[in-house]
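A few words used for structures rest on cut-offs. Here is how they apply to one model.

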Amino acid sequence: MKRATSKDVAKLAGVSQTTVSFVMNNTPNVSLSEETRKKVLDAANQLQYIPNSFARGLKTSQSKLLGVFLPTMDNPYYPMLMQYIEKYTARLGYSVILCCTYRNPEREKTYLDLCEEKHMDGVIYLFTPNWMKRVVQLSHTIPVVLLSEKSDDIPLNTISLNGFRCGYLVAKYLLDLGHKSIAFLMSSVSSVSLTRTKRLEGIRSAIRDAGLPPETLQVFTAPLGDSGQSEAEAGYSIMEQLLKRKDITAVIGVNDLVAFGALSCVLNSEDKRVPQDVSICGFDNIYLTTMTRPKITTVSYCTEALCELAVDMVLKATGDSDVLKLASEPQLIVRESTGPAPGTSSQCVSS
């Protein structure tokens, strides 16, 4: 006979899994009616439900498991962060369950159910959750840390990747090189992406501060119908269209993969050169940026140290009501794919 889960108890009792967790763990400082507690306990008794931690005979409620949520495996940036996290947690005696959502909200919800069912000791999100209310509820029983973008509206411990500052650095650098017609290339995403929004805001802010009109920046997004294509393919296909134009002198990929696709397109063209005719840069500082010729200018902001800090924040959570908001400081890494705008002799000003 299949062993009952907290999901089964929640369904029978007519409550959420979070409520089941509150009752079964006798969580302090949580206000629940006696009627609700009785419903949960009666359902658990009827189903002969035994929490996983008890079934394993553990003396503590620690599962030694952490859930790490990431939106895709296609972009090498996320496997890089996973490697940092896994290496550190292994030294601490913890195991990691990789929860790759492939930007599918329903898949994300399934993994959230799993985190509750397995009584994980913590959850780390590498992107902004789609199920924000559910994640906030989960954080009342399981420590949650976002390694993503800071938002005052999100009541979760956050290590901000400072997308606004990243976008500002790149745009200011290109403007200092004399570029006055810049394209921002984005692959199609159907779910929430606060990081992309912040990067775009930073780019636009740098343009305003330079006293240039909003038309200095043009945004191009791969059609949503092409969501099956890789991010590099998205960058390549958008760049194919831009090559027909004469006005764009600089391209910013929403990430290094999109920038890599754009660069590949230009290198395969017959009449355009990088960086003499068009400058190309991205974000994330993945390994591909140093393997291309020319090497790609990018922004580095999420280091191994930040990943370790996210783990420490999860494991050392005290349950205090105060929410921590930390910010990283990104670094512009200038390489061979960017140069002065055509017809100018501008030199980069230190950012």
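Q: What makes two strands a pair?
A: Two strands pair if DSSP finds at least two bridges between them. Strands (E, at least two residues) and helices (H or I, at least four) are DSSP runs, numbered from the N terminus. Four bridges join strand E1 (residues 65-70) to strand E3 (residues 122-125), so E1 and E3 pair. They run parallel. Within E3, Tyr 125 is the bridge partner of Phe 69.

Q: What is this model, and how are its residues numbered?
A: The model is predicted: local features need pLDDT of at least 70, side-chain atom pairs count only at pLDDT 80 or more, and totals for chains, interfaces and linings use all residues. Residues are numbered from 1 along each chain as its sequence is written, and side-chain values use heavy atoms, with hydrogens and water left out.

Q: Why are E2 and E11 said to stand at the edges?
A: The open sheet has six strands in the order E2-E1-E3-E4-E5-E11, with parallel pairing. Strand E2 (95-100) and strand E11 (325-327) each have a single partner strand, so one side of each lacks a neighbour in the sheet.

Q: Why is H8 called mostly covered?
A: Buried means under 20% relative accessible area, with exposed over 50% and partly exposed in between (1.4 Å probe, protein chains only). In H8, 10 of the 14 residues are buried, so H8 counts as mostly covered. Among them are Cys 166, Tyr 168 and Leu 174.

Q: What do the buried residues of H8 pack against?
A: Contact means heavy atoms within 4.5 Å. Their partners include helix H9 (194-209) and strand E6 (182-186).
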